[in-house]
Structure formats: C-alpha cells, structure tokens
Amino acid sequence: MRKMMIPVIVLAVVIFLMSIFVVSEGERSIVIRFGRVLKADNEIAKIYQPGLHFKLPLFDRVNTLDARIQTMDDRADRFVTAEKKDVIIDSYLKWRIKDFGQYYLATGGGNKITAESLLQRRISDGLRAEIGNKTIKEIVSEKRDQVMEGVLERAAGEGIRDLGIELIDLRIKRINLPSEISESIYARMRAEREAVARRHRAQGREQAEIIRAQAELEVATILSKAERQARITRGEADAEVAQLFARAFKKEPEFYSFVRSLQAYRESFDSKSDMLIVDPKSDFFKYMKQPDVIDQ
C-alpha cells in the first residue's frame, strides 16, 4: 500500500510545482491559456505582480515581461535640416512598458526586438520632422534640447499609444556632418573668422593712428610751450643785460665805450681770411693808439 502511495505523492508534488510560478521584482507576467491571453475585468490582460502565483498546469503558459527602464541605442541615421543640408545623428532612447497587455498584443507576444523596431521607426520619423524645422546651428547649440523635447511630445502624444510604452528620455549622442558639408561649413567659419580678424586689425590701425596723432599733438604743444618759455626767459635776460649795460654806461661811460670797442675788435678780427680797410686815424682804433686812456 505504501509503495502505491509514493507515486501518487510524487505526482501530486509535481502537479503542485507545475501549478505555481514566481514573478521576480522588476518583472510582470501574463498567463496564456489555450493560446489566448488570460484577461481580467475590463482589462486586455491580467497582469501578475511580483510574488507567488498559481496557474493551471499543462494548460497555462506564463510569459514574463521586463518592467525596468530599457535603453535603446539607436543607429546613426541621416536627416535633412531646414537649410536642406544633411546631418548624421546618433541618439539613444530610454523607455519602459506602461500597459503590459497592450504591449504584449502590439509586439506579438512581448517581443523586445519588435518593440524597439517599431519605436525606432517612430522616433526616427519624429526626429526627421523636428530637425527639418531647425538649422544646423540650432541643432548643435541652443535648440538641441527643444528638438528632443519635441520628439518626445510628438511620440508620446500620437506615436506610441498603441504600443503600451512610456518614453522616459531621448538624447542625441553625436551629430556628424557629411564630408562635403563639413568642408563648406569649415570654409565659411574660416571666412567669418578672417573677416573678424580683418575688422580687429582695421580697428587696431585706426586706434594706432589716433594715439599717434594725439602723441604728436602733445609733443608739439609741449615744444611750443617750451619755445615760448625759452623766448620769454631769453627776452628777460636780454632786458636785464640791457639794464646792466645802461646802468654801467651811466656810471662809467668811458669804461662802457672801452668794452664795446673790445667787442668790436674781437668780432672784426675773429676771422683770418677777412680783410678790413680802415683809416688808422679813425675812432675805431682810439683805444689801440692811446693805451693811456685805459689807465685813466
């Protein structure tokens, strides 16, 4: 009797083990019964939360879905800007399942590859529409975040409702330009920089001319003031000398006449090449002929 009970107990244990399933944290499960999704009230599918659950053995099949945030590293694709120029953009997307029942049906049984393929197509369409309204400068600089926000809003509003997916974030990793466009942009940037350099050089030359003119004006002003002051000083000195001679003439007229004669002799006989014809009896030689006058 005991030997007959052992198979029954083993079978009961096996059936019990086949009747339970465990949903791990970060996962959700859907039960497929006779090839159809097991539904709940007013729901597309009954979603099993993390924990221990029961099913019908042999008839039910459990399909587990990942409830964590997923990262889709999109491949680089070519887009056309508002300037009708091509750019190559490499982006990535963060997403997770929001409606597990809808996701299961839309992706053919919760196939992640199918879900990302649909997402990639719709995100690419959104990027194409947003980038088509922006210039290269706007995409690279200040309006880059607006592009990503616009794609997320467009996709969340109309693009992925039927997929049961929630978009978390979209980021552009890299923006490349085709070689022919890169060369034209670099040439334009080089021309712009050269124009700025020429403008700075012209402004520098203009400032140099202004500074040079101001310096020359200042030098001329200083020299003019110095010449004026020198003439004033020279005039005052000549006046003082004249006064001294006048006082000396009044006090000693004969001595003044003698000094003036000596100055005339020095200036007359200064050059050996000059020839002077003067009457020896003239007053010019008075002090040479009468040395006694000096003694007086």
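Q: In the hairpin of S2 and S3, which residue takes a positive phi?
A: Phe34, with phi near 55°; two residues sit between the strands there. Strands here are DSSP E runs of at least two residues, numbered from the N terminus. This is a predicted model, where local features need pLDDT of at least 70, side-chain atom pairs count only at pLDDT 80 or more, and totals for chains, interfaces and linings use all residues. Residues are numbered from 1 along each chain as its sequence is written, and side-chain values use heavy atoms, leaving out hydrogens and water.

Q: Ok, and how many bridges join S2 to S3?
A: Two, with S2 (residues 27-33) antiparallel to S3 (residues 36-37). Pairing takes at least two DSSP bridges between the strands. Ile32 stands opposite Val37 in S3.

Q: What about S2 and S6, how many bridges there?
A: Seven, again antiparallel, with S6 covering residues 60-66. Ile30 has Asn63 as its bridge partner in S6.

Q: Switching topic: is Phe34 buried or exposed?
A: Exposed, because its relative accessibility is 61%; the cut-offs are under 20% for buried, over 50% for exposed and partly exposed in between, using a 1.4 Å probe and protein chains only.

Q: How many aromatic pairs in the whole structure?
A: Four. One of them is Phe34 with Phe59: the ring centres are 5.4 Å apart and the planes at 45°, so it's tilted. Phe, Tyr and Trp rings (six-membered one for Trp) pair if centres lie within 6.5 Å, with planes under 30 degrees stacked, over 60 edge-to-face and the rest tilted.

Q: Where does Phe59 sit?
A: In the loop between S5 (51-54) and S6, 25 residues from Phe34.

Definitions and conventions: Helices (H or I, at least four residues) and strands (E, at least two) are DSSP runs, numbered from the N terminus.
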